[in-house]
Each structure stands twice: as structure tokens, then as C-alpha cells.
Amino acid sequence: MEIRKTKTSDTDTLMELYRQARKFMAEHGNPNQWGDSYPGRSLIEQDILDGCSYVCTKDGRIAATFFFRTGEDKTYREIYEGAWLNDRPYGVVHRITSDGTVRGAASFCLNWAFSQCGNLKIDTHEDNIVMQNMLQKNGFQRCGIIYIEDGSRRIAYQKV
């Protein structure tokens, strides 16, 4: 598998991956995290323009996608019911999903992101048990609770 920056021409493929992810999440007890329209096309297009959207490919086909950036994430400034593992500079992953056809694709993406910075933060919805299990399997530690811009509560994880 390989990681590369997303191209504008990949947008339709990414939108289909996110559509499949919303369906999967709803079928596995997590219908509210992304609802029926998140992330929107304009957000994905902005991620690509900002150089923060990546894809994981296998045999030239996109198997997974995610947002990755180093630097502060304002939603991580305050953490409740716990604490971050450290205050060092970090990277952040958002909107990670795979098409489910390549075993371990999402873990490959997380490991790649961690290799870029050595200090990685991520969050997920309390109903997203699949993601929570994957994060723990990949060495992330549950640190506490954060609140995202819309006021929703998320479980925060970090790997150092």
C-alpha cells in the first residue's frame, strides 16, 4: 500500500467512500457521527486544496482516505475528564475511512500519519465502537473528552 496526497480528480471516489462509510456506521450502531451528509463535498475539496487530504492506494486503486495535518487543532485545546499525554507539537487525523476491501488499510493510514510526526491525536464518537477498537489496537490511548465545533462530545485519543 502507498500513501499520496489526494488529487482533485479523486473527489468523486472520496465522496463514494464517505457515502459507504456513513452506511457502515449506521449499520454498526453509529448513525449520528456523520449523519447522512458529512463530510460535504466542499469540505473535501478544501482539504485537497489545503494539502491535508491523503489517499491510501493498493495496485493503483484508492482503498482509504483521511485528513492529516501537523499543528494545533483548536478543538483539542481543552480536554475534559482526563488529559493529553503531553503538550508537544502533534499531528491530527480526521475523516478516516476505507472501502473495506483491503484489510488493514485504515491502520496503515494511521501508522503512516504517526511516522510523520511521532505524536498523533484523533477523536471519535462514543458510538463508534469499531473506530475505538481500531485505535486501541494501533497503540492509541484514551485521554478524555473533547467537544467539536457543533458542541458534540467526542472521545479523544493520543499516540506518542
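## Spaces inside the model

α1, α2 (41–49) and β3 each supply two or more residues to the lining of the largest cavity. The model is predicted. β3 gives the largest share of that lining, three residues. The residues around the largest cavity are Leu14, Tyr18, Ile44, Asp47, Cys52, Ser53, Thr65, Phe66 and Phe67. By class, six are nonpolar, two polar and one charged. The largest cavity holds about 40 Å³.

The count of cavities of 30 Å³ or more is two.

The largest pocket has a volume of about 1,200 Å³. Its lining counts 40 residues, and the closest to the pocket centre are Trp34, Arg95, Ile96, Thr97 and Met131. Which elements each supply at least two residues of this lining? They are α1 (11–27), β3 (61–70), β4 (91–98), α3 (105–117), β5 (120–124) and α4 (129–137). β4 gives the most, with six residues. The pocket lining divides into 17 nonpolar, eleven polar and twelve charged residues.

| Space | Volume | Lining by class |
|---|---|---|
| Largest pocket | about 1,200 Å³ | 17 nonpolar, eleven polar, twelve charged |
| Largest cavity | about 40 Å³ | six nonpolar, two polar, one charged |

## The fold around them

The protein has four helices and seven strands. Along the sequence they follow the pattern β-α-α-β-β-β-α-β-α-β-β. The radius of gyration is 15 Å, close to the 15 Å that the globule rule gives for 160 residues, so the protein is as compact as a globular protein of that length. The C-alpha trace spans about 40 × 30 × 30 Å along its principal axes.

Of the 160 residues, 49% count as buried. Accessible surface comes to about 8,300 Å², and carbon and sulfur atoms account for 46% of that area. Contacts reach across the sequence: among those between residues at least 6 apart, 68% join residues at least 24 apart.

Methods. Residues are numbered from 1 along each chain as its sequence is written. This is a predicted model: local features need pLDDT of at least 70, side-chain atom pairs count only at pLDDT 80 or more; totals for chains, interfaces and linings use all residues. Side-chain values use heavy atoms; hydrogens and water are left out. On a 1 Å grid over the protein atoms alone, a cavity is a set of points where a 1.4 Å probe fits but cannot get out, and a pocket is an open set with protein on both sides within 12 Å along at least five of seven lines; lining residues have an atom within 4 Å of a point. Grid points are joined across faces, edges and corners, and a volume is the space filled by probe spheres set on the points. Ala, Val, Leu, Ile, Met, Phe, Trp, Tyr, Cys and Pro count as nonpolar, Asp, Glu, Lys and Arg as charged, and the others, Gly among them, as polar. The radius of gyration is taken over C-alpha atoms; the globule rule is 2.2 Å times the number of residues to the power 0.38. Buried means under 20% relative accessible area, exposed over 50%, partly exposed in between (1.4 Å probe, protein chains only). Contact means heavy atoms within 4.5 Å. Accessible areas come from the Shrake-Rupley method with a 1.4 Å probe; for residues, only the protein chains shown count as cover.
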